[in-house]
Amino acid sequence: MNNSIKLNQKNLVEIAHKIPCPTYDRSKLKTGIVHVGIGGFHRAHEAFYTDRLLEDGSITDWGICGIALLEFDTKIYNSLKEQDGLYTLIIKELDGSHTKRVIGSIVEYLYAPENPTTVIEKMASSEVKIITLTITEGGYNYSEATQSFDFTNPNIQYDLKHPEAPKTIFGYLTQAFKLRKERGLEGCTLQSCDNIQGNGHMAKRMLLSYVQKAEPELVSWIETHVAFPNSMVDRITPATSAADIENLKASSGIDDAWPVVCEPFKQWVIEDDFTAGRPAWETVGAQFVEDVVPYEKMKLSLLNAGHTVLGIIGALMGYDTIDESVHNPQISAFLKNYMDIEVTPTLGALEGVDLDGYKKSLLERFGNINIKDQIDRICSESSAKFPIFVLPTVNTNLEKKGSIAFASLVIAAWAMYSIGKDENGKALNIKDAMKSILNEKGLAASTGDPKAFLEIETVFGKLKDSPTFVAAFTKAYKNIAEKGIATCVVEQNNK
Ligand code: CS2
């Protein structure tokens with residue numbers, strides 16, 4: 001369409017004739033939140049909830065400043081900048097229809113690699129009450145091998161030497177909190193919105209490990225002035241495709257460089273522990289609870305692990321999207337068995353949660369044919385995901401002498417996947433910070449010594465020392481090598 005309108009603040013009045021737009025006065029908003037990591041997920045989740053809240057009218061102090069920390073985020077940052085922080089959220093409903101809205105809650109945006117001082121000042125500004133994070137599982141710099149902060153990371157080493165122009169979130173937060181302390185300002189809340197169990201605890205532990213080395217005298221200030229609430233976040237947000245951008249143009253006449261697409265379902269469960277106030281997100285559907293850890297555990301070990309199961313097995317079989325994978329009845333039966341036989345017994349009591357209903361709804365969400373969630377996206381950074389989504393279940397079952405057969409098959413499939421080809425010989429697009437070591441160990445495993453893959457200690461920790469696990473993994477690996485993954489899935493279902 002030639003006569004599409006560019007999405008920006010100036011054109012908003014006109015765009016509002018096409019799809020719903022913010023009706024609140026964005027120029028009056030104060031920036032109460034700094035958010036690090038402005039990918040699709042944040043914009044489908046926290047920014048969405050906050051936009052709804054702002055739409056309610058009287059609230060003006062919770063605008064968001066979005067920070068692109070990595071060079072990887074340059075494109076998203078540029079589109080936000082061009083569009084005055086505005087973007088379209090496209091909710092892909094189960095019936096195939098699209099619900100669209102322009103989201104206005106991101107009112108400032110900064111690109112850290114070019115402007116570290118401005119970012120640090122923003123985080124230290126007295127107006128900012130909450131710093132939220134979606135820096136991904138790997139962003140916390142936790143090593144499974146040492147069960148602690150990974151000081152060998154070259155970027156961390158860099159930050160220790162260049163505190164004024166850091167690269168990692170830890171360097172930024174340390175400088176910002178140092179300024180707050182020096183200026184006698186109040187503390188703020190650091191809220192992780194990543195898929196990690198006890199994400200607030202993890203954020204606190206990792207930050208304090210870094211600060212202990214970089215600025216030891218800041219540790220006690222942080223301990224008394226910064227709250228770290230845990231939270232469980234959920235909304236499936238596939239990567240935006242070129243077709244999504246074109247469809248928006250064709251259907252609504254809006255030219256948006258980076259709309260965000262997501263499923264209708266959303267959930268946000270947060271511990272009510274905030275240092276300097278918070279938005280009333282509960283009025284727009286978030287839940288505040290005392291202990292979020294059981295909810296997180298349920299979500300990570302069922303939804304996220306479920307994704308990983310569908311992604312890795314589906315990738316080997318040559319599927320491109322999660323819905324294709326789950327519509328293979330043997331794969332969905334496998335996933336259901338994994339959830340019932342291996343995960344459910346590890347979950348313990350979950351008050352007020354209908355677990356069967358939850359698992360059933362997951363299969364429906366995964367099967368949404370309109371979402372087309374990319375298997376590439378799901379399998380990306382598997383080296384950071386397995387230790388959080390799948391391996392805790394294996395460890396608990398090893399302790400309780402429960403079944404580990406389903407998980408072992410998935411881990412063995414991951415070893416195959418790491419070689420870089422699916423079972424039809426097609427190249428896999430592996431995106432992983434540990435890609436080269438995965439590939440190296442994956443190849444070593446394929447030359448007669450499957451357990452070589454388990455030597456990646458930052459991922460597997462001590463699992464290679466468990467004879468039960470090594471035996472289950474080796475058996476699964478050999479079976480896949482001999483019969484192919486599809487047959488193994490069927491055989492495992494029939495056991
Ligand atoms: C996915 C998540 O990245 C992954 O592996 O499981 O992005 C998932 O889609 C979200 O956590 C849904 O809330």
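Which way does H5 pass H7: in a right-handed or a left-handed crossing? H5 passes H7 in a right-handed crossing, where right-handed means that the near helix is turned clockwise from the far one by less than a right angle, and left-handed that it is turned anticlockwise. This is a predicted model, with local features needing pLDDT of at least 70 and side-chain atom pairs counting only at pLDDT 80 or more, while totals for chains, interfaces and linings use all residues. Residue numbers start from 1 along each chain as its sequence is written. Helices (H or I, at least four residues) and strands (E, at least two) are DSSP runs, numbered from the N terminus.

**H5 against H7**

- Helix H5 covers residues 116–124 and helix H7 residues 169–182; their axes come within 8 Å and cross at roughly 55°. Axes here are lines fitted to C-alpha atoms, for helices over the stretch in contact, and angles run from 0 to 180 degrees between N-to-C directions.
- That angle is why H5 and H7 are called oblique to each other. The cut-offs are under 35 degrees for roughly parallel, over 145 for roughly antiparallel, 65 to 115 for roughly perpendicular, and oblique for the rest.
- On the H5 side, Val119, Ile120, Met123 and Ala124 meet Tyr172, Gln175, Ala176, Leu179 and Arg180 of H7. Contact means C-beta atoms, placed from the backbone, within 7 Å.
- Sorted by type, the residues of this contact are seven nonpolar, one polar and one charged. Ala, Val, Leu, Ile, Met, Phe, Trp, Tyr, Cys and Pro count as nonpolar, Asp, Glu, Lys and Arg as charged, and the others, Gly among them, as polar.

**H11 and its two partners**

- Helix H11 (residues 293–317) packs with helix H14 (residues 355–366) at an angle of about 45°, the axes being 11 Å apart. That makes H11 oblique to H14.
- H11 passes H14 in a right-handed crossing.
- The tally is six nonpolar, one polar and one charged.
- H11 also packs with helix H22 (residues 485–494), this time at about 135° and with axes 9 Å apart. H11 and H22 are therefore oblique to each other.
- Here Ile313, Leu316 and Met317 of H11 meet Ile485, Ala486 and Val489 of H22. You'll find six nonpolar residues in this contact, with no polar and no charged.

**The five-stranded sheet**

- This open sheet runs S6-S3-S2-S7-S10, with parallel pairing. Strands pair if DSSP finds at least two bridges between them.
- Strands S6 (106–111) and S10 (189–192) stand at the edges with a single partner strand each, so one side of each has no neighbour in the sheet.
- On average, neighbouring strands are turned by 20° against each other, direction ignored.
- S2 (residues 31–36) and S7 (residues 130–133) run parallel and are joined by four bridges. Val34 has Ile131 in S7 as its bridge partner.
- Helix H8 (residues 199–214) packs on this sheet, touching S7 and S10, and its direction makes about 120° with that of S10.

- Six bridges pair S4 (residues 87–92) with S5 in the antiparallel sense. Thr88 stands opposite Val102 in S5.

**Around the ligand**

- Asn195, Asp234, Arg235, Ile236, Asn304, His307, Ile378 and Lys385 are the residues around the ligand, each with its C-beta atom, placed from the backbone, within 6 Å of it.
- That shell divides into two nonpolar, three polar and three charged residues.

How values were computed: Contact = placed C-beta atoms within 7 Å.
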